[in-house]
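Opening my notebook on a new structure today. I'll jot down what I look up as I go.

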Amino acid sequence: MAQLWGGRFTKETDKLVYAFNASIGFDKRLFRQDIEGSLAHVKMLGKQGILTKEETDKITDGLVSIRKDVESGVLAIDESYEDIHSFVEAVLTERIGEAGKKLHTGRSRNDQVALDMRLYTRIQVETVEELLKELLTVLLRIMEENLDTYMPGFTHLQKAQPLTLSHHLGAYFEMFQRDRLRMRDIRARMNFCPLGAGALAGTTFPLDREYTAELLGFDGPTLNSMDSVSDRDYLLEFLSALSIVMMHLSRFSEEIIIWNSDEYKFIEIDDAYSTGSSIMPQKKNPDIAELVRGKAGRVYGDLMALFTVMKGLPLAYNKDMQEDKEAAFDAFDTVKNCIVLFTGMLDTIKFRKDRMAESAMRGFTNATDAADYLVGKGVPFREAHGIVGRLVLYCIEKNTSIDALPLAEMRTISNKFEEDIYEAVSLKTCVEKRLTTGAPGRAAMEKVLAVYREYLV
């Protein structure tokens with residue numbers, strides 16, 4: 001098969017070399033973007049008088065017909081071609097004749113593939129942002145329904161202080177909100193058009209790069225032709241952001257796995273998002289959460305692969321850059337699937353409010369509030385801390401909790417304890433009196449939820 005670059009060569013490429021060099025096996029998914037870019041390029045060439053109106057119309061109609069036929073399945077992408085660009089141009093020339101050979105006027109495959117990948121990545125960024133919005137919407141609903149669902153808060157995986165499920169999930173709302181903002185930042189930085197940069201040094205044809213950029217929805221053309229064809233920063237940024245998304249999903253998945261365990265029983269995962277065991281009939285495994293947690297490493301690997309490809313490349317284009325696509329495509333697909341499945345799993349989880357409250361009471365999460373109570377009675381905090389420490393030790397020996405201990409026994413440790421200690425260390429009091437911005441008290445949380453609702457409108 002004749003190559004776009006075959007004129008310089010007198011000998012056919014070795015078949016193994018050809019296969020090793022070819023990219024159509026994975027860049028075929030760029031066919032829509034390749035045709036979209038070509039349509040804009042041809043329209044600009046016609047506007048500039050580089051192509052006649054007849055040539056412009058013929059090429060445009062031919063490209064539209066190829067897109068329609070590929071999308072409908074009438075035309076299969078032939079993987080014997082080197083890349084998607086070669087395939088499109090060959091089919092176009094076959095359909096409309098000599099005019100098809102003028103499609104490539106004023107451009108190189110270097111700026112063409114740079115454009116295709118940018119167009120494709122822009123769609124992926126927008127898609128991930130929208131999927132994150134759907135996840136945030138589910139989170140907000142659960143938060144609104146659980147303002148009074150008390151549970152233990154943890155540090156070091158040890159019970160620390162009581163809070164609410166709404167407040168706990170709010171931490172993940174903040175994480176995924178930042179992820180969504182990163183998508184917007186990436187889109188803004190990448191939204192410049194490389195088409196017209198040529199191989200690396202522009203072209204002698206009087207192209208209107210501003211017009212091409214406008215047709216394709218960019219904010220303008222790129223301003224350095226060498227950087228235009230060798231820049232993959234936008235992909236590195238996107239894969240970095242996707243890695244952070246996966247880190248957040250993985251942390252959340254870890255908590256779901258823990259909460260689902262028989263020792264906690266804080267939640268019940270819906271059957272649709274669980275699997276069983278081939279040998280143990282009682283098992284109901286949190287496989288989706290575990291797989292999401294595991295796939296974080298896969299996306300990290302995609303990011304590191306691209307970093308490693310780019311780290312030693314001189315300007316401008318190098319064939320190494322072809323290796324950007326498989327890693328990027330894998331990361332795009334993996335993250336989108338993970339967000340969709342995680343959102344569905346979260347949306348159908350049943351929360352065991354009774355178990356959460358019971359766990360908070362059993363873990364001395366109100367110990368800090370007992371110390372604060374003593375401070376309110378005039379005891380210096382450091383002394384109050386020691387008193388409550390002894391009180392907790394006493395409760396452990398008696399296999400009871402602070403709120404269940406008779407007042408007479410409390411007073412053997414400190415005569416500052418009075419009847420009002422029980423209200424002071426109740427879960428409701430411990431949570432509700434925390435009203436600073438960002439705290440779990442209901443009044444503080446309602447203000448935060450109002451901000452979140454407005455953000456998601």
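These entries cover helices first, then charged side chains, then a bit of surface. I'm keeping in mind that this is a predicted model.

**Helix lengths**

I started with helix α12, residues 324–348. It has 25 residues and reaches 37 Å from its first C-alpha to its last, close to the 36 Å expected at 1.5 Å a residue. I also looked at how covered α12 is: 18 of its 25 residues are buried, so the rest of the structure largely encloses it.

Next I looked up helix α11, residues 287–310. Its 24 residues should span 34 Å at 1.5 Å a residue, and its end C-alpha atoms are 35 Å apart, which agrees. What do the buried residues of α11 pack against? They pack against α9, α10 (233–260) and α12. Among those buried residues are I288, V292, D302 and M310.

**Salt bridges**

How many salt bridges does the structure hold? I noted 34. I picked a few to look at.

R180 and E129 form one, with their closest N and O atoms 3.7 Å apart. R180 is in helix α7 (residues 165–190) and E129 in helix α6 (residues 109–145), so this pair ties together parts that are 51 residues apart in sequence. I checked the cover too: R180 is buried, and so is E129.

R141 and E145 meet in a salt bridge at 3.0 Å, N to O. They are four residues apart in helix α6, about one helical turn. R141 is partly exposed at 28% relative accessibility, and E145 is partly exposed at 46%.

D179 and R182 make another salt bridge, at 2.9 Å, N to O. Both lie in helix α7, three residues apart, about one turn of the helix. D179 counts as buried at 0% relative accessibility, while R182 is partly exposed at 25%. A reminder to myself: an α-helix has 3.6 residues a turn, so residues three or four places apart point the same way.

I also wrote down a network of salt bridges linking E82, D83 and R109.

**A charge with no partner**

Why does R355 have no salt bridge with E358? The cut-off is within 4 Å, and E358, the nearest side chain of opposite charge, is 4.5 Å away. R355 is buried, and it touches D262, E263, Y264, K265 and F266, leaving out residues up to four places away in sequence.

**On the surface**

Last, I found a nonpolar patch formed by L200, M226 and L315, with about 260 Å² of accessible area together. M226 lies in helix α9 (residues 225–230) and is partly exposed at 31% relative accessibility.

Technical notes. Residues are numbered from 1 along each chain as its sequence is written. This is a predicted model: local features need pLDDT of at least 70, side-chain atom pairs count only at pLDDT 80 or more; totals for chains, interfaces and linings use all residues. Side-chain values use heavy atoms; hydrogens and water are left out. Patches are made of residues with over 30% relative accessible area and no salt bridge: like charges are joined within 9 Å, nonpolar side chains (Val, Leu, Ile, Met, Phe, Trp, Tyr) within 5 Å. Accessible areas come from the Shrake-Rupley method with a 1.4 Å probe; for residues, only the protein chains shown count as cover. Helices (H or I, at least four residues) and strands (E, at least two) are DSSP runs, numbered from the N terminus. Buried means under 20% relative accessible area, exposed over 50%, partly exposed in between (1.4 Å probe, protein chains only). The expected span of a helix is 1.5 Å times one less than its number of residues. Contact means heavy atoms within 4.5 Å. Lys and Arg count as positive and Asp and Glu as negative; His and the chain ends are not counted.
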